[in-house]
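Here is a short note on the model, point by point. Please read it with the structure open.

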Amino acid sequence: MPGPMARRIDVTGAGGVRLAAWEFGDPPKTDRASDPASSGSGAGDLPGVLLLHGLMGRASHWAATVRWLSARHRAVTLDQRGHGRSDKPPRAAYTREAYVEDVEAALEQLGLGPAVLIGHAMGALTAWQLAAKRSDLVRGLIICDMRASALGTASQHTWTEWFRAWPVPFATLADVRKWFGEDDPWVERPNPARGEFYAEVMAESPDGWRPVFEPEQMLRSRETWVYDAHWEELAQVRCPTLVVRGLDGELGRAEAQEMVRVLPNGQYAEVADAGHLVHYDQPEAWRAAIEPFLNTLGDA
């Protein structure tokens with residue numbers, strides 16, 4: 001995780017999987033180290049925010065957002081199972097239940113709840129499934145570019161073929177940026193932010209650059225949600241919820257507005273000139289879209 005302000009805290013998730021959480025903010029204060037509510041962070045009096053990346057993402061993708069949030073919040077971001085610096089056990093459960101239980105465990109072990117959850121794509125689904133299950137742990141929710149409808153069998157097949165098309169190993173990080181930013185058949189026009197996004201999830205190995213995750217685990221994670229719709233759980237989310245979409249993202253306007261209608265306490269925002277990677281594509285416009293909502297939640 002780049003930057004001197006990030007501090008790693010290990011969390012034990014479902015089935016004993018070790019998860020890496022990253023806290024942004026002031027260094028621990030010794031006079032608060034014995035306060036269990038603060039987890040030794042010196043930030044126990046600030047409202048908690050937990051940020052959840054999407055499939056193939058990692059905690060560092062939220063760096064700009066969490067540094068901005070840390071002025072007024074105890075901001076923590078989590079490498080979910082199979083991602084980033086968290087464990088990737090081959091036989092671990094990559095089910096919806098496991099992902100949700102991981103976040104539940106993180107909130108409890110970090111003393112963050114009731115927190116605001118901010119999730120992108122798969123992380124947004126995990127966030128709203130937890131909010132439906134444990135309303136006591138979630139006081140606000142931001143859903144970024146995630147559909148509630150079923151994506152279906154064709155979608156999973158397309159992803160399987162896409163992973164096979166990756167020219168791994170990449171010789172250099174520049175090759176990573178170029179392929180994901182320009183040469184990938186999924187890219188309609190050059191997208192440098194997308195190239196940077198994928199460069200962050202590559203690590204150097206003896207034969208070149210490879211993803212820090214196992215594509216097979218990503219497909220296993222994905223198949224646990226693509227065949228089902230998730231409207232019912234969305235309707236069970238009681239806390240204030242903001243649905244954010246990129247104008248050129250994967251969540252269409254009509255579906256986003258239907259999600260807002262289904263939510264008991266839903267609001268809508270969209271970010272122009274942004275694709276699926278809203279917070280990464282357009283960090284300033286993303287902050288402008290979510291700040292009014294965060295302000296309505298107050299700092300308590």
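1. Two strands pair if DSSP finds at least two bridges between them. This is a predicted model. Strand 1 and strand 2 form a hairpin, with five residues between them. In the turn, G15 has a positive phi of about 70 degrees.

2. How do strand 1 and strand 2 run? They run antiparallel. Strand 1 covers residues 6-12, and seven bridges join it to strand 2.

3. Strand 2 spans residues 18-24 and is mostly covered. Six of its seven residues are buried.

4. Now the aromatics. The structure holds 18 aromatic pairs. One of them is W159 with W162, edge-to-face, at 5.3 Å centre to centre and 75 degrees between the planes. Both residues lie in helix 4 (residues 153-165). They are three residues apart, about one turn of the helix.

5. W162 also pairs with W166. That pair is edge-to-face too, with 5.1 Å between centres and 80 degrees between planes.

6. Are these tryptophans buried or exposed? W159 and W162 are both buried. W162 counts as buried because its relative accessibility is 3%, under the 20% cut-off. W166 is buried as well, with a relative accessible area of 5%.

Methods:
Residues numbered from 1 in each chain as written. Predicted model: local features only at pLDDT ≥ 70, side-chain atom pairs only at ≥ 80, totals over all residues. Heavy atoms only, no water. Buried < 20%, exposed > 50% of the residue type's maximum accessible area, 1.4 Å probe, protein only. Helix = DSSP H or I, 4+ residues; strand = E, 2+ residues; numbered from the N terminus. Phe/Tyr/Trp six-rings, centres within 6.5 Å; stacked < 30°, edge-to-face > 60°.
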